[in-house]
Amino acid sequence: MTSIISDRSYKHILANDIFPEEQKGCTRNSYGCKDQLLINKAIIEDCKRKKKNLSVAWIDYRKAYDSIPHSWILKTMSIYKFNNKLINFMEKSMKSWNTTMYLNHARGLITTDKISIKQGIFQGDSLSPLFCLAVVSLRSDIKASGYGYKMNRNGVPISNLFYMDDLKLYASNDDQQQGELRIVKQFSDDIKMSSGLKKCAKASFKKGKLV
């Protein structure tokens with residue numbers, strides 16, 4: 001069932017060009033993570049070769065799939081004009097999502113009551129495009145700031161790259177990077193998602209050298 005929903009959702013996303021080019025996690029017929037690595041390599045090489053300033057940050061969401069509110073998934077489906085029947089089906093379906101845990105031990109089996117899934121989607125499930133959809137507006141907020149790294153003087157700033165829930169930010173200096181991080185923090189707080197700080201990092205290049 002979720003495969004059917006996912007396929008129809010992806011067709012709608014593709015037909016309306018909803019996913020930004022910065023998101024490669026759910027993009028079919030692309031090299032996904034390899035594309036992002038090549039872009040990242042080009043940015044770093046450009047910075048070093050031209051002796052420019054660059055600030056980068058890696059953002060890792062903590063339990064991203066488990067944390068995304070159902071209400072926000074449904075809201076984004078509405079914002080991007082998904083079929084109302086599909087939205088209504090998802091809303092009713094989410095209310096019945098549950099799991100049961102079993103523990104085998106020497107004296108037998110312990111079984112929990114049904115545990116309701118009140119937020120998040122199942123990691124590895126076909127519904128992953130809906131998670132990517134839920135963070136599209138973050139990309140728009142970052143891009144609207146005008147922050148980013150320019151490889152050419154008149155070029156378009158590159159401000160972020162997404163792979164599913166992994167985000168990398170690019171800025172021309174530390175002040176811009178702080179601005180980008182504030183945008184990410186505000187968005188994350190609004191949808192009740194937090195960062196796994198142990199997996200987050202940032203770096204600054206001054207005149208092409210890592211400082």
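In what sense do β1 and β7 pair, and over how many bridges? In this predicted model, the two strands run antiparallel to each other and share 6 bridges; strands count as paired if DSSP finds at least two bridges between them. Helices (H or I, at least four residues) and strands (E, at least two) are DSSP runs numbered from the N terminus. Residue numbers start from 1 along each chain as its sequence is written, and side-chain values use heavy atoms, with hydrogens and water left out. Because this is a predicted model, local features need pLDDT of at least 70 and side-chain atom pairs count only at pLDDT 80 or more, while totals for chains, interfaces and linings use all residues.

The β1–β7 pair belongs to an open sheet of 5 strands, ordered β6-β7-β1-β8-β9 with antiparallel pairing. Its edges are β6 (160–163) and β9 (209–210), each of which pairs on one side only. Helix α7 packs on this sheet, touching β6 and β7, and its direction makes about 170° with that of β6. Helix α8, meanwhile, lies across β1, β7 and β8 and runs at about 145° to β7. Contact here means heavy atoms within 4.5 Å; axes are lines fitted to C-alpha atoms, for helices over the stretch in contact, with angles from 0 to 180 degrees between N-to-C directions.

Now for α8 itself. At the start of α8, a side-chain oxygen of Asn173 comes to within 3.1 Å of the backbone nitrogen of Asp175. After the helix comes Lys192, with a positive phi near 60°. Among the buried residues of α8 are Ile183, Val184 and Phe187, where buried means under 20% relative accessible area, exposed over 50% and partly exposed in between (1.4 Å probe, protein chains only). Their cover includes β1 (54–60), α4 (70–79), α6, α7 (136–144), β7 (166–171) and β8 (201–206).

Val184 turns up again in the largest nonpolar core, which has 42 residues; Ile68, Met77, Phe82, Met90, Leu130, Leu138 and Val184 touch the most other members. Helix α6 (residues 128–134) gives the most to this core, 5 residues. A second, separate core of 10 residues includes Ile43, Ile44, Cys47 and Val56. Such a core is a set of buried Ala, Val, Leu, Ile, Met, Phe, Trp, Tyr and Cys residues joined through side-chain atoms within 4.5 Å.

Note on methods:
Polar contact = N/O pair within 3.5 Å; in protein donor to acceptor, adjacent residues only side chain to side chain.
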